[in-house]
Amino acid sequence: MDTNIHDRDLEAPLLMIPGPVPVAPSIMSALSAPTLGHRDPHLVKYFASALKKLTDLVDSRSGLPVVVPGSGTLAMEMALLNTLPQGAPILVVSQGVFGDRMQQIAETLGLETNVLRAEWGKVVTTDELRHALRQGTYAAVTLTHVDTSTGTMIDLPGLAACIKQEQPDALLIVDGVCATGGVEERMDAWGLDLVLTGSQKAFGLPPGLALLVAGPRAQAARTALGRVRSYYGDWERWRPIMQNPDGYFATPATNMVVALDQALTLMFEEGLDARYARHRALAHALRAGLATLGFTSFPAAECQAPTLSVLRYPPGVTPAEFLAAMYQQGVALADGIGNLAGQGCRIGHMGNISLEAVLQVVDTAERVLQPTQASGRAAQVAREAFGSIVHTDSHPA
Ligand code: PMP
């Protein structure tokens, strides 16, 4: 058995699946610093600093940040568990596997669930949502900002405004797992009551943390519930730690907390607008480069997410063979899931990804698909596409 972690590291591929994602060196070194106790004054400082930056990231002045060991699915469950009583009617807006997962969680928790589902590769429009909201009254509406199965992104501010207008009392819960930190999300300005995510996506951390920010209305909803049917998942039990991390409820993932603070520091050093623009430019570059090889985007043009690409293969390509060949050449990509299992190819480009990583994907794909005539042209097209977007974004008309 190979137990040498360093040998395994040397073989690690460029991780371009839609999470987990590559981890930047400064985050990696934060992770590998000696483990601190949860009440160590340094840890307390990192934790408080990370929590403050987390609320700043999503533009929430009085939101309660909640960071616990777990993954995005735990954050989804905690969001519903802490805000809605059993039997409450909710509308789940779904454009793929993860919206459908929200429905499953809601049903598991005993909520009365209606689903407004977009056709695969499309998103629910404001008109469709308005129509659905006129058919019933809901305690909450859930939205998936970016669905990782279809590569689609909703018009979050537009749908949020529609919900505010039609049902101002409904809580607005946003699954930001494939978006937060890579796409703008403004809780206060757009009226979002709760945003949740996981560490392994646009934060550029390894898997291991569930993150939520609960706005004032979501916190009031928790208070109104009294008791909830979970111990670990009850954010009221975590609240004292989130307000002052110098305490104990259950052991936090201390190395991950230090790394979270570093990940958020990187975000603010880059600048949020610049970071979001980089995500758009990388998406554009990847798609332009792979288009020269015959790949086409699965999602409709108006709703393609900047954090990942879901692509159809050029004619004649066998998905499993292509993915295996890419992996052999040092690039890990993901197969489709849900309706696209064994069909679409999913490529993540979120977090602290550089243009070089995207160019490596494109160049490797060219060599895999056109071994005899590969010229580097696909990567050249990608590089030019990146430049044109960055230029446009940095010089708004
Ligand atoms: N929501 C979305 C949009 C996701 O992409 C994912 C993970 N791919 C999840 C929820 C679930 O997160 P996790 O796998 O971290 O539990």
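User: How far is a nitrogen atom of the ligand from the side chain of K201?

Analyst: An N or O atom in the side chain of K201 sits 2.8 Å from that ligand nitrogen. One caution: this is a predicted model, where local features need pLDDT of at least 70, side-chain atom pairs count only at pLDDT 80 or more, and totals for chains, interfaces and linings use all residues. Residues are numbered from 1 along each chain as its sequence is written, and side-chain values use heavy atoms, with hydrogens and water left out.

User: OK. What does D175 do at the ligand? And G72?

Analyst: D175 has a polar side-chain atom 2.6 Å from a nitrogen atom of the ligand. With G72 it's the backbone: an N or O atom there lies 2.8 Å from a ligand oxygen.

User: How much of the ligand does the protein bury?

Analyst: The protein buries 88% of the 390 Å² that the ligand exposes when taken alone. Those areas come from the Shrake-Rupley method with a 1.4 Å probe; for residues, only the protein chains shown count as cover.

User: Which elements give two or more residues to the shell around it?

Analyst: α4 (72-81) and α5 (97-108) do. The largest share, three residues, comes from α4. Helices here are DSSP runs (H or I, at least four residues), strands are E runs of at least two, and they're numbered from the N terminus.

User: How many residues surround the ligand in total?

Analyst: There are 13, and the closest are S71, T73, T148, D175 and Q200.

User: Let's look at α4. Is it mostly buried or exposed?

Analyst: Eight of its 10 residues are buried, so α4 is largely enclosed by the rest of the structure. Buried means under 20% relative accessible area, exposed means over 50%, and partly exposed is in between (1.4 Å probe, protein chains only). The buried ones are G72, L74, A75, M76, M78, A79, L80 and L81.

User: Where does A75 end up relative to T197?

Analyst: Their C-alpha atoms are separated by 6.6 Å, although A75 and T197 are 122 residues apart along the chain. A75 has a relative accessible area of 0%.

User: And how far apart are V68 and W120?

Analyst: Those two are 52 residues apart along the chain, and their C-alpha atoms are separated by 32 Å. V68 lies in strand β2 (residues 64-69) and is buried, at 0% relative accessibility.

User: Where's T180, and which side chain does it contact?

Analyst: T180 is in the loop between β8 (171-175) and α8 (187-190). Its side chain joins that of E185 in a polar contact of 2.6 Å. A polar contact is a pair of N or O atoms within 3.5 Å; within protein, one must be able to donate a hydrogen and the other to accept it, and residues adjacent in sequence count only if both atoms are side-chain atoms. T180 is buried, with a relative accessible area of 2%.

User: Last one: how many residues of α12 are buried?

Analyst: 14 of its 20, so α12 is largely enclosed by the rest of the structure.

Key. A residue is near a molecule or strand if one of its heavy atoms lies within 4 Å of it.
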